[in-house]
Every structure is written in C-alpha cells, then in structure tokens.
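Me: Please take a close look at one part of this model and describe its elements in detail. Then set the remainder out beside that part, with the criterion behind each term.

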Amino acid sequence: MVHKVVVTGIGATTPLGGDSKSTWKALLAGESGVSTLSQDWVAKYELPVTFAAQAKVPAKEMLTPQEAKRLDPSSQFALVSAREAWLDAGSPAVSPERLAVEYATGIGGIWTLLDAYDTLKERGPRRVLPMTVPMLMANGPAAAIGMELHARAGVRTAVSACASGTEAIANAFNRIRDGEVDIVVAGGAEAAIHPLPIAAFAAMHALSKRNDDPAGASRPYDTQRDGFVMGEGAGTLILESEEHAKARGAKIYAEVVGASVTSDAHHITAPDPEGTAAARAMLGALEQADSSIQDVAHINAHATSTPVGDIAEYQALKRVFGEKLSSIPVSATKASTGHLLGGAGAIEAIFTVLALHEKTAPPTINLENQDPEIKLDVVVNPRKLEGSNILAITNSFGFGGHNAVVAFRSVE
Amino acid sequence: MSLSAAEVLSGLAEIVNDETGIATDAVQLDKSFTDDLDIDSISMMTIVVNAEDKFDVKIPDDEVKNLLTVGDAVNYITKAQG
C-alpha cells in the first residue's frame, strides 16, 4: 500500500530571517540577504570575494550557551529550524519507532574541523576538544535533531553537495510513502561562510565577484550573472503520512506527490549541457505524482546565477516541458537568499510549499536584462497562482552530477 | 602565588558552569562529577583541560579517573599548584 505524504510543519533560519515567516515575508518583499562581510579574515587572507549571505539571526542567539558549545554552526541552524518546524506541526505525538530524520549537509562541520586544526597546530593535541568529531561529522545536524525529538526509526544524512537538501526530502517522502514511518523531520543545513570554502569556491570561478554590489550579486538568468553567492542557514519540513496527520487534525500545507534522484556521470562539477539526467529527475517526480507536464503550475529552479548552470537547467527544463515551459512561472529564489548549498533544497522546498499554500509565486530579484538564451517566464514580482490542486516542482543539482527533484501539490 | 582551596573551588565551579550550565553553587566539594552532577566523560575531559589552563597545573589522564568528586579535584589542583 502506498501512503499519501503531506507537509504539516515548516521551519527555517536564513539570510532573510530567523524563522520561516520572516524569511517568506522578506522574500515576497524582494529583499536581499547578501551583504559585505565584516570579519577580519576577509582582509587578512585578501579573499577575492568579500561578501556572502549570512544568517539574519546567528543561531547561537537562539540556543543555550551549552547547546551552542556542543554543536557546529551547521547543527545549530538545523536544530533552530527543526524546533520551529516541530512546534509549527503541533509537536505531534508519534511513536519514536515511527519517527525518522532525513537531514542533509553539503559539507558538514567545516568550522569545527578547521578551528580544531588551528588548535592542534597552535596548542597541541591535548587542547583539541573531545567533542570535535561529533561536531564536525556531516551527520551532526541529523543526529542533533534525532536526539532532541527521540527519533528511533533511523536518522540519516544525504550528502550530495547542493542537491543534498532536496535528496533528503526525497528520501523522507519515500520512507513515509512506503509505510515504514509516520513522520520524518526532513531538511538541510549549511554553515560554510569561512575563508577556506570561499577561497576554494572562488578558485574554481564558481562565486560572483561583484564586491561593489553584494545585494545585486546573485542574479539568476541575468546577462550579467557571474557566479553564485555563498549562503548559510537551514530549512526543515515535517513530512507526515496523510492518515496520521488527519487523525490528529493537523494543519496541512501541501501534499508531497513525487520525488526523483538521478545522476549525470558526466563531469565532477560541470552539469551535463544536454541536461538528460536532470530532465529524467523532473519526469521521474511527475511520474511518481501520477501527473503530466500540463499539471505543473510553478517551478522553483535551482538557478544559482552561474553562467553555465542556469543555461544547463534551462536546457533540461526545455527537454521536459517543451512548448508548455513558456507558460509556467519560474522563481529563482537564490537571488534573494544566496546559495545555502546543502540547505538550499530545503529552504526552496519550503518556498515551493508556501507558494502553493498561499497561491503566490515568490519574486526573482536582480533580473535586469534576461539572458536571451533563457526563454523562461521568470517571476519578478510576487505572482498569483491560479487553480486548485495545482502542482509545483523544486529542482536541485550538485557537484558530482547529482540531480534531485521533488513535486508538491496544493491542498484546498 | 597559589590559590586557596576555596578559590580553586570557585574557579572550578565557573569552568563546570561554562561547560555544562550547572549552577556554580551546585558544584560543592562532596558532589560526584558523574553521579551527582551527571557530567559525561566528554565534558569531564573539557573541564580538565580548561582547569589546567586556568590554574596552570598538569592533570595527567591517569589521574583524572581518581578525581571522582569535586573535592578530589580541588585537592589535586591545590596541591599541584605547589
């Protein structure tokens, strides 16, 4: 038996706001979460990129000092957003054996790792804290949430670079659909605004270098786009079987109707220019949703604002939607949030869910001159989504050739 | 100049509070780190390293297992300051 899966709670801490409500409000208002970094290490290392999308509210301000001390910033963001989502879902009563966590990071606890290495070099091995390993491991955020909520049906971590968050939601969807569990706390977190990842991403020419105009730097589909903007934060969705949600009278944001994960096996960082596998992921999600391309009313694109990536995704979209594509409103929300790497898919899933719930597609800021090669109907001002039981998809792609797509349907 | 046992206790209580959130006035000489204060081995190692820094003493790993109570630790540190 296949179980219907619904979203009953959301939580987020992002460059736009310390929770999901303020984030969504700022997104609809066309705000940018990107700004110049004030940390002394920017000048110290003469970083070629001097801005990023930092979390609006530092996570440790929302935790006790002891909690913060034992968690890498990525896990701090994860726990803050998971608490919001769990509360939003009404703190459901569920058997621990039927509660799972699927929580992603792209990089893991990189602040902890690199701080500990500095400590080792400067002060020796005895000063390396015993919490270093559990804090740096990529499954740290998932483990922190699992411990807090007593989830005993499996706590897992998808690690597939910038597709991680969406892959975690896909995994969560499948576990509930298959009847293994009743509720999954799903999402992704990242906290990698550190000089090393900035230097490394800059070395591969992946980052925007628009240092004199940080708020305008993330500009998907614009002719002047020159790379992505690093972001940090986390997003969490409470996924629940429909029968479990209805039995407890839970509020339902949207239904999760399909998910698909594919891989390019083309190049370690460059997307397949044909977009074959990315297209297959979209079609796979629609097939699982028992839907056709005609049903899709909104797309939250991966659209990181890199010259190559935005085109490659467009090719994949064209492959899937053909003529229909020109009539589907597409939002590229990284324009406002920057790129949260392993957290990106999670917050964009939340945006997709809210777009369906409120029947409003969020805007794509900074689009001044749309790339003539990318003939999409890009949403630049919040736009009403018409119809009932409409479908929306969210795309995520990651270094390594990872493609992950989740499809949601509005619940009236 | 070495500190008195009372001063060591007060300094140690601050370290314990900083690591675990346990109120400083709950950190008393007769309290067991594990049984009374519920401090796990990971926190204990962090407390030991921070105490070494604060009181400028060495507490070898072999010695840590003998420091069962707050009083044991205070005695050891007071003597080790020498």
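Reply: Chain B contains four helices and zero strands, and from the N terminus its elements follow the order α-α-α-α. Helices (H or I, at least four residues) and strands (E, at least two) are DSSP runs numbered from the N terminus. The model is predicted, so local features need pLDDT of at least 70 and side-chain atom pairs count only at pLDDT 80 or more, while totals for chains, interfaces and linings use all residues. Residues are numbered from 1 along each chain as its sequence is written, and chains are lettered from A and ligands numbered from 1 in the order in which they are written.

The C-alpha trace of chain B spans about 30 × 25 × 20 Å along its principal axes. Of the 82 residues, 27% count as buried. A residue is buried if 20 or more other C-beta atoms lie within 10 Å of its own, exposed if 12 or fewer, and partly exposed in between, with C-beta atoms placed from the backbone. Among contacts in chain B between residues at least 6 apart in sequence, 58% join residues at least 24 apart; a contact requires C-beta atoms, placed from the backbone, within 7 Å of each other.

One residue of this chain may be followed more closely. B:T69 lies in the loop between α3 (61-64) and α4 (70-81) of chain B. B:T69 has 18 other C-beta atoms within 10 Å and is therefore partly exposed. Leaving aside neighbours within four places in sequence, B:T69 contacts B:L29, B:D30, B:K31 and B:S32. By contrast, a C-alpha separation of 20 Å lies between B:T69 and B:D56, 13 residues apart along the chain.

Chain A is described next. Its domain assignment gives domain 1 (5-247) and domain 2 (259-407); such bounds come from an automatic or database domain assignment. The centres of domain 1 and domain 2 of chain A, taken over C-alpha atoms, are 20 Å apart. Their contact draws 61 residues from domain 1 of chain A and 56 residues from domain 2 of chain A. On the domain 1 side, the elements that each supply at least two residues include β1, α1, β4 (99-105), α8 (164-177), β6 (183-190) and β7 (233-241) of chain A. Of these, α8(A) gives the most, with eight residues.

An open sheet of eleven strands has the order β5-β4-β6-β7-β1-β8-β15-β14-β9-β10-β12 in chain A, with mixed pairing. Two strands count as paired if DSSP finds at least two bridges between them. The edge strands, β5 (155-156) and β12 (377-378) of chain A, each pair on one side only. Within the sheet, β1(A) and β8(A) run antiparallel and are joined by three bridges, with A:V5 partnered by A:V256 of β8(A). Strand β8 (residues 254-263) of chain A also runs antiparallel to β15 (residues 402-410) of chain A, through nine bridges; here A:S260 stands opposite A:V405. Eight bridges then connect β15(A) with β14 (residues 391-398) of chain A, again antiparallel, and A:I393 stands opposite A:A407. Nine of the ten residues of β8(A) are buried, so this strand is largely enclosed by the rest of the structure.

Helix α1 (residues 20-28) of chain A has A:S20, A:T23, A:W24, A:L27 and A:L28 as its buried residues. Seen down the axis of α1(A), these residues fall within an arc of 130°, so they line one face of the helix; the arc is that of the directions from the helix axis to the C-beta atoms. Their cover includes β1 (5-13), α4 (73-88), α13 (334-337) and α14 (344-357) of chain A. Just after α1(A), A:G30 adopts a positive phi of about 75°.

The nonpolar cores complete the account. Such a core is a set of buried Ala, Val, Leu, Ile, Met, Phe, Trp, Tyr and Cys residues joined through C-beta atoms within 7 Å. In the largest core, of 129 residues, A:I169, A:V185, A:L237, A:L239 and A:V406 touch the most other members. The largest share of this core, ten residues, comes from α14(A). Domain 1 and domain 2 of chain A both contribute residues, so this core lies between them. A second, separate core of 18 residues includes B:V8, B:V16, B:F55 and B:L67.

Terms used. Contact = placed C-beta atoms within 7 Å.
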